[in-house]
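Welcome, and thank you for taking a look at this structure. Let us walk through it together, one part at a time.

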Amino acid sequence: MSHPLPIYPAAGIREIERAVPIGPDSPSLMERAGLACAELARTLATDPRPILVLAGPGNNGGDALVAARWLKQWFYRVEVVSRADEARLPPDAATALAAWRAVGGSCQPDLPEKRDWGLVIDGLFGIGLTRPLDAPYADWVQRVNALAVPILALDVPSGLDADTGCSHGVAIRAQHTVTFLALKPGLLTANGPDHCGQLHLRTLDVLAPMYHPASGWLLDEHLVRGLLPPRPLNSHKGLFGSVGILGGAAGMTGAALLAGRAALHVGAGRVYLGLLDDDAPAVDPLQPELMLRPAGHLLDAPHLNVLVAGPGLGRSAAAVGYLQHVLAADAPLVLDADALNLIAASDALKARIAQRKAPTLMTPHPAEAARLVGASIGDVLCQRVEIASLIAVRFNAFVALKGVGTVCAMPNATWFINASGNPGLASPGTGDVLAGILGALLAQGLSPRDALLLGVYLHGAAADRLRERGIGPVGMTASEVIGAARDLLNEWVYGLSR
Ligand SMILES: NC(=O)C1=CN([C@@H]2O[C@H](COP(=O)(O)OP(=O)(O)OC[C@H]3O[C@@H](n4cnc5c(N)ncnc54)[C@H](O)[C@@H]3O)[C@@H](O)[C@H]2O)[C@@H](O)CC1
Ligand SMILES: [K+]
């Protein structure tokens with residue numbers, strides 16, 4: 001398998017399918033896909049109960065019929081349900097049906113009322129689904145979802161859009177999904193992870209990028225291990241940069257403190273907080289290493305080489321004024337929360353970002369992203385890759401669109417989908433922590449692209465580490481994420497584990 005793992009929308013997968021040469025003696029892609037499915041199915045069907053195979057009217061159904069044939073030949077009891085019009089089956093699927101019949105297999109046109117199956121194989125629809133499921137398919141999906149039986153989905157859980165991760169009405173909720181040739185965005189973001197269960201990639205001996213260039217990749221540990229900030233033995237704090245964080249208006253000082261503490265724990269040399277609240281404390285007693293000062297004095301701090309604006313910034317006129325100064329500074333800048341909201345509300349600020357000479361990172365959640373591009377939240381939720389890329393190109397920025405499967409989009413229109421993280425991150429302050437982590441990684445000299453990728457992955461991986469330890473997902477706190485991020489980064493950089 002080639003790394004990083006490429007991700008293709010359905011159109012790209014079809015290009016690859018068309019381009020792969022199949023020699024006279026090598027099995028078709030459908031034969032390879034069906035066998036891969038059958039091999040996985042036999043690890044999941046652990047008791048003698050029959051296996052139910054749902055086969056649809058296209059090539060996804062063909063894959064299912066090939067899998068059914070192998071399982072039958074391995075002496076499993078297999079029941080196939082298919083409504084496909086034989087005269088309209090695509091050629092490979094018609095061949096698969098003939099081969100299924102040749103081994104004595106049969107198809108029933110309806111889902112039997114009540115049976116005790118050990119496994120359900122969902123081969124109704126894959127990348128060819130273009131509309132909500134018709135009857136009876138919608139009914140079958142609802143009925144198998146309601147069974148207490150594991151479901152193995154082929155390529156894409158039926159009903160889920162392979163490109164967006166949104167469902168066309170009802171969709172299969174699988175325990176396992178085996179996907180072919182390459183990853184698809186819809187499996188990794190939006191509702192995809194909830195519908196896919198455990199994802200298994202089978203490339204079918206095809207090196208996809210040889211046949212079609214990718215513009216998206218999976219952001220996983222393998223990728224970030226190559227991006228770690230250097231830590232020479234001969235070091236001093238000046239090597240690791242100084243981060244200035246603008247935020248902390250009245251009632252929201254905690255947001256800036258969280259960002260500052262995160263920056264400190266992920267290795268920034270110095271961290272200054274410029275707080276808008278006139279009554280803000282002069283020191284953080286739990287983190288006295290942070291240097292607190294009024295917002296108007298932030299940019300006077302010595303050695304500042306990275307800025308973060310947004311945590312607890314608020315939307316006051318004063319906030320706009322400070323934000324204008326920060327945007328004009330010639331330093332890498334992370335924009336989050338109300339910094340993004342203020343920018344969304346002002347054409348002048350929008351234009352300034354696109355014109356900045358130093359790099360800009362933006363970390364919107366879906367509602368902030370919707371405001372930035374004037375879209376509805378619904379559009380953002382169902383077009384995550386497109387919207388993240390639009391923001392990146394429009395603002396010449398490095399963008400993390402947060403949510404399940406955070407999309408990291410670059411100004412050159414390449415993108416990544418993050419594989420780490422869990423619902424524990426849906427809690428207050430975790431966005432401030434991400435902003436602080438990004439500031440610290442930039443301060444340590446990472447390029448904006450590498451800081452974004454490592455920061456987003458590390459933030460999610462820290463939450464995953466906490467969940468493994470039983471801390472969350474329920475009740476996980478942003479402060480706990482900071483500590484776990486520090487532990488993980490030390491493991492990765494120094495090989496230390498606890
Ligand atoms: N073409 C190839 O070379 C390969 C295809 N593969 C499999 O083929 C799948 C793609 O096959 P297809 O392009 O045939 O697409 P699908 O099998 O996903 O579905 C397309 C069929 O479903 C119909 N359809 C779409 N939405 C419907 C709805 N809501 N209700 C009822 N019918 C609907 C279409 O009219 C068409 O007949 C992949 O996901 C993968 O599983 C694999 O075998 C690998 C190789
Ligand atoms: K499917």
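The strands β3 and β4 pair in the parallel sense, over two bridges. Please keep in mind throughout that this is a predicted model.

Seven strands form an open sheet here, with parallel pairing, and their order is β4-β3-β2-β5-β6-β7-β8. At its edges are β4 (107-108) and β8 (198-202), each of which pairs on one side only. A helix accompanies this sheet: α2 lies across β2 (51-55), β5, β6 (151-154), β7 (176-180) and β8, and its direction makes an angle of about 160° with β7.

In the loop between α3 and β3 (78-82) you will find Phe 75, which has a positive phi of about 75° although it is not a glycine. Further along, the loop between β5 (119-123) and α5 (137-146) contains Pro 136. The peptide bond leading from Ala 135 to Pro 136 is cis, with omega near 5°.

Now turn to the ligand. Which residues come nearest to ligand 1? Of the 27 residues around ligand 1, they are Gly 58, Asn 59, Asn 60, Gly 126 and Gly 128. The elements that give two or more residues to this shell are α2 (29-44) and α3 (59-73), and α3 gives the most, with four residues. Sorted by class, the shell around ligand 1 has 14 nonpolar residues, eight polar ones and five charged ones.

There is a second sheet to explore. This open sheet has 11 strands with mixed pairing, in the order β1-β9-β18-β17-β16-β15-β14-β13-β10-β11-β12. Because β1 (6-7) and β12 (291-294) stand at the edges with a single partner strand each, one side of each is left without a neighbour in the sheet. Strands in a sheet pair through backbone hydrogen bonds, and the pairing can be parallel or antiparallel. For an antiparallel example, look at β17 (residues 407-409) and β18 (residues 415-418), which are joined over three bridges. Within this pair, Cys 408 has Phe 416 in β18 as its bridge partner.

Helix α8 (residues 253-265) lies across β10 (242-247), β11 (270-275) and β13 (306-309), running at about 165° to β10. Towards the end of the chain, Pro 473 sits in the loop between α16 (448-468) and α17 (478-494). The peptide bond from Gly 472 to Pro 473 is cis, with omega near 15°.

Finally, let us step back to the chain as a whole. The domain assignment gives domain 1 (6-21 + 29-214) and domain 2 (224-494). Their C-alpha centres lie 40 Å apart. How many residues of each domain are in contact with the other? Nine residues of domain 1 are in contact with nine residues of domain 2. On the domain 1 side, the touching residues divide into six nonpolar, three polar and no charged.

The UniProt record, an unreviewed entry, places the feature "domain: YjeF C-terminal" at residues 220-492. Over those residues the chain is 44% helix and 14% strand, and the end C-alpha atoms are 13 Å apart.

Conventions. Residues numbered from 1 in each chain as written. Chains lettered and ligands numbered in written order. Predicted model: local features only at pLDDT ≥ 70, side-chain atom pairs only at ≥ 80, totals over all residues. UniProt positions renumbered as here; feature names shortened; annotations may be inferred. Near = placed C-beta within 6 Å. Nonpolar A, V, L, I, M, F, W, Y, C, P; charged D, E, K, R; others polar. Pairing = 2+ DSSP bridges. Contact = placed C-beta atoms within 7 Å. Axes fitted to C-alpha atoms, helices over the stretch in contact; angles between N-to-C directions. Domains from an automatic or database assignment.
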